[in-house]
Amino acid sequence: MESCTDRTQVCPDCGWPEEEIYQVVSRHPTSTGMVVYTRCACGRLQVRSLSLPGGRGGAQR
Ligand SMILES: [Zn+2]
């Protein structure tokens, strides 16, 4: 049993760790952070949402 297994998710198809972004397809800023579309090494598309600390962007007034 490994303690880090819980937090590390891998691609069900090829086993690529999700922490390692193979290719970023597109990014979309949201109110809470950012949504990033990534493509795995096997071509599988994934959507991950990143929450930024603070939660406010510089563009918004
Ligand atoms: Zn994969």
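1. Arginine 39 belongs to strand 2, strands being DSSP runs of E with at least two residues and helices DSSP runs of H or I with at least four residues, both numbered from the N terminus. The residue is partly exposed, because 14 other C-beta atoms lie within 10 Å. By this criterion a residue is buried with 20 or more other C-beta atoms within 10 Å of its own, exposed with 12 or fewer, and partly exposed in between, the C-beta atoms being placed from the backbone.

2. The structure is a predicted model, in which local features need pLDDT of at least 70 and side-chain atom pairs count only at pLDDT 80 or more, whereas totals for chains, interfaces and linings use all residues. Residue numbers start from 1 along each chain as its sequence is written.

3. Which residues does arginine 39 contact, leaving aside its neighbours within four places in sequence? They are Tyr22, Gln23, Val25 and Leu45, where contact requires C-beta atoms, placed from the backbone, within 7 Å. Between arginine 39 and glutamine 23 the C-alpha to C-alpha distance is 5.2 Å, although 16 residues separate them in sequence. In strand 3, leucine 45 is the residue that stands opposite arginine 39.

4. The protein chain holds three strands and zero helices. Read from the N terminus, its elements follow the order β-β-β.

5. The three strands form an open sheet with the order 1-2-3 and antiparallel pairing; two strands count as paired if DSSP finds at least two bridges between them. Strand 1 and strand 3 (45-51) are the edge strands, each pairing on one side only. On average, neighbouring strands of this sheet are turned by 20° against each other, direction ignored. The angle is taken between N-to-C directions on a scale from 0 to 180 degrees, using axes fitted as lines to C-alpha atoms.

6. Strand 1 runs antiparallel to strand 2 (residues 33-39), and six bridges join the two. Their hairpin has three residues between the strands. Serine 26 has tyrosine 37 of strand 2 as its bridge partner, and proline 29 has methionine 34 of strand 2.

7. Strand 2 and strand 3 are also antiparallel, with seven bridges between them. Valine 36 is bridged to arginine 48 of strand 3, and tyrosine 37 to valine 47 of strand 3. The hairpin of strand 2 and strand 3 has five residues between the strands, and in it glycine 43 takes a positive phi near 95°.

8. How much of the chain is buried? Of its 61 residues, 2% count as buried. Strand 1 (residues 23-29) lies largely in the open, because the number of buried residues among its seven is zero. Strand 3 is hardly covered, and its count of buried residues is likewise zero among seven.

9. Among the contacts in the protein chain with a separation of 6 or more, 21% are accounted for by residues 24 or more positions apart.

10. The mean pLDDT of the protein chain is 83, with 75% of its residues reaching 70 or more; pLDDT is the predictor's confidence in each residue, from 0 to 100. Among the elements, strand 1 has the highest mean pLDDT (96) and strand 3 the lowest (90). Where pLDDT is low, predicted coordinates should not be read in detail.

Methods:
Two residues are in contact if their C-beta atoms, placed from the backbone, lie within 7 Å.
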